Amino acid sequence: VLCLTKLRAGAVSWFGHGGIRGCVRRHVTTWSPVGAAFNAKPHRRLDLFEKSGLFGVPELSSPAGFQGATQKALRDTQRLVDTACSCSPGVQTVEAFDQLSDGLCKVADLADFVKVAHPDPAYREAAEKTCVEIGTVVEKLNTNVELCKSLKNLLDNPDIVAQLDPDTKRVAELFMFDFEISGIHLDEKLRKEAVALHVKLLDLNNEFLVGSHMPNRIARSVIPEHLHLHFAQEGSFIQVGGLHADSPDDLVREIAYRIYLYPNADLMECLEELLKCRNKLAKLVGYESYAHRALKGTMAKTPGDVLSLLSPVICTLFLSNSIELMPWDHPFFSGVLRAERYNIEPSLYSPYFSLGACMEGLNNLFSQLYGVSLMSEHPSAGEVWSDDVRKLAVVHETEGLLGYIYCDFFHRADKPHQDCHFTIRGGRWCQETGQYQLPVVVLMLSLPHPTKSAPTLLTPGMMENLFHEMGHAMHSMLGRTRYQHVTGTRCATDFAEVPSILMEYFATDYRVVSQFARHYQTGQPLPESMVARLCESKKVCGAADTQLQIFYAVLDQIYHGKPQNRSTTDILKEMQQNFYGLPYIPNTAWQLRFSHLIGYGAKYYSYLMSRAVASMVWRQCFVQDPLNRDMGERYRREMLAHGGAKEPMLMVEGNTPCSRWGIPSLFFLLGPINSYQCQKCTGSHALCTFKQNVFFFNYLEQ
């Protein structure tokens, strides 16, 4: 009875068993409530007298509720459009615009998540219809002349603008920017054409996004029988849903690469049409290319600036074509080389990184840096879409409840194999209620389920991904913007990844890791030497990984630049030869798996840009003491709190009196050139060739 009571109270979790002369020895590890909640097995919640809708929205207790929620949002939209067009120019104009945006986003953002993550096809289909319907309305609003005129009357009056606070002025300018890039300046016929292109792009985007994650299949008879067990089987077919990059069998890796990347004619046509439509839309509204349109408002500003940013690093990271490797070899041999040199086999680390321990570590880190705690709550029946989804309340020690994070962490069928952050509801100050609208987000991972004998155990890579995604979540939680249009991650794309990448630095600093990494059975802490080896291993071939990111970034820019009048595959072949160094494999089309072309079109470079900025923030604020409360508060005050309400380059360059971050350089990514000579083998097999040529790979300094 005592044991059961403790388990329910979250004081004890997961026992290790060892037999000695017939006796059972138990090692007990205690966790905080949030750690215990994530290390405990989920239980189905039966509420006979309580039924909520998804995320507590009453209408969404069934798929049909999406239609009702959509119609309500559209009725409110018309009312707010009338308000915005009729009110006197001033703060109230911007508030009406933000309420208008908030009402549509609360439905569209929620539906955007449900359409990819809900296990029920009926919910996914209803959510997809809502996305298209709301998206069409948004594009019509972005070309609504009367609505634009009400905002223009405000911004064209210097006396009124002078009275606006900086956030209100910035948000007004951002709304006007949306009008401009949507073609508000065009005549009625061309505006309608622009809207039609936008609507067509909504369909093409969704088609490509879905297709990019679909498995390919091939007749079982084509694959050697002894390899069938490595792949999913569907009748007389073998299904390949990924690259199997970690497989030690080089034939498995090659088969997976060739089949998974085999061109799909329909998806190829979709991508070609998508890129043509994007270019046509950009030209229609007055831009040289889609990249020019997409980059306006970012830190990089123009495609030329992006390529200038990448060019010095491209030269430094030149990779010899003499390396006898194939594209499916590099990820595996990189891992082998790291493991061999530093003994970092993931199974050695996983027992120290139970999911509960990692969540406890995040809770401790946020408590020390920001005075924030993560508190596990029981969702109502119908509030979540799967029984294993956990709900966290984010509570500040003096400010109170900041928002909610729904943790959809575990693998399930039909769930995308992506680690993602979704904004469900943005934060904003509600003039109509006098209260702050709390932000709500979802973090989606694809972790293994707990077993009968152990909680979910994370590899070091999984642990870093968890910290990365939680960085996005805290960007949303710690912001306290007046307007939801600029809340949290609603900022320039090349700045949005800074908080998440910064969290990766915390995830590999022993002063942080030592606070939570302990064996789930014995309670023993992770030795410092193991963390040191893990950090050192990241330097091996790190710049080869950076070079791959540069290849992706350049390819993205070329796809969205001046039309090439050749196929996307021909462009890929040339860019791969020029910027990567490993050979293109005939009859493959990696670009059809490049799902970032949708959400990060012409902006994939953002990961590199954000990494450079995050490196500076780490160096200047946290490298001396990653748990320093003063620095945590400063980081929140000067960066996180603003969301997109402040020009990102002002925060980065330090143009405000209290900010001194410095200016970014991608050379923060680079360290000295190291060489490695194989001491064990003089053979010519691929692993030794890889080792002997590793001096071509500069490595990440941190």
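**Charges and salt bridges in a predicted model**

Glu 273 comes out partly exposed, at a relative accessible area of 28%, where partly exposed covers the range between buried (under 20%) and exposed (over 50%), using a 1.4 Å probe and protein chains only. The model is predicted, so to speak on its own terms: local features need pLDDT of at least 70, side-chain atom pairs count only at pLDDT 80 or more, and totals for chains, interfaces and linings use all residues. Residues are numbered from 1 along each chain as its sequence is written, and side-chain values use heavy atoms, with hydrogens and water left out.

Glu 273 has a partner: its side chain meets that of Lys 200 in a salt bridge at 2.7 Å, N to O. A salt bridge here is a side-chain nitrogen of Lys or Arg within 4 Å of a carboxyl oxygen of Asp or Glu. The pair ties together distant parts of the chain, with Lys 200 in helix 9 and Glu 273 in helix 11, 73 residues apart. Helices are DSSP runs (H or I, at least four residues), and strands are too (E, at least two), numbered from the N terminus. Lys 200 is also partly exposed, at 36%.

The structure holds 37 salt bridges. Another one joins Arg 170 to Glu 647, with the closest N and O atoms 3.3 Å apart. This pair spans 477 residues, from helix 8 (residues 166-181) to the loop between helix 26 (629-638) and helix 27 (648-653). Arg 170 is buried at 17%, while Glu 647 is partly exposed at 22%. Arg 566 and Glu 574 also pair up, at 2.6 Å from N to O, with relative accessibilities of 30% for Arg 566 and 33% for Glu 574. Lys 72, Asp 76 and Arg 79 are linked in a network of salt bridges.

Asn 565 lies in the loop between helix 22 (542-559) and helix 23 (568-579) and is exposed at 79%. His 244 likewise has a positive phi, about 50 degrees, without being a glycine; its loop runs between strand 5 (237-240) and helix 10 (250-260).

As for the chain overall, there are 28 helices and 12 strands, and 55% of the 702 residues count as buried.
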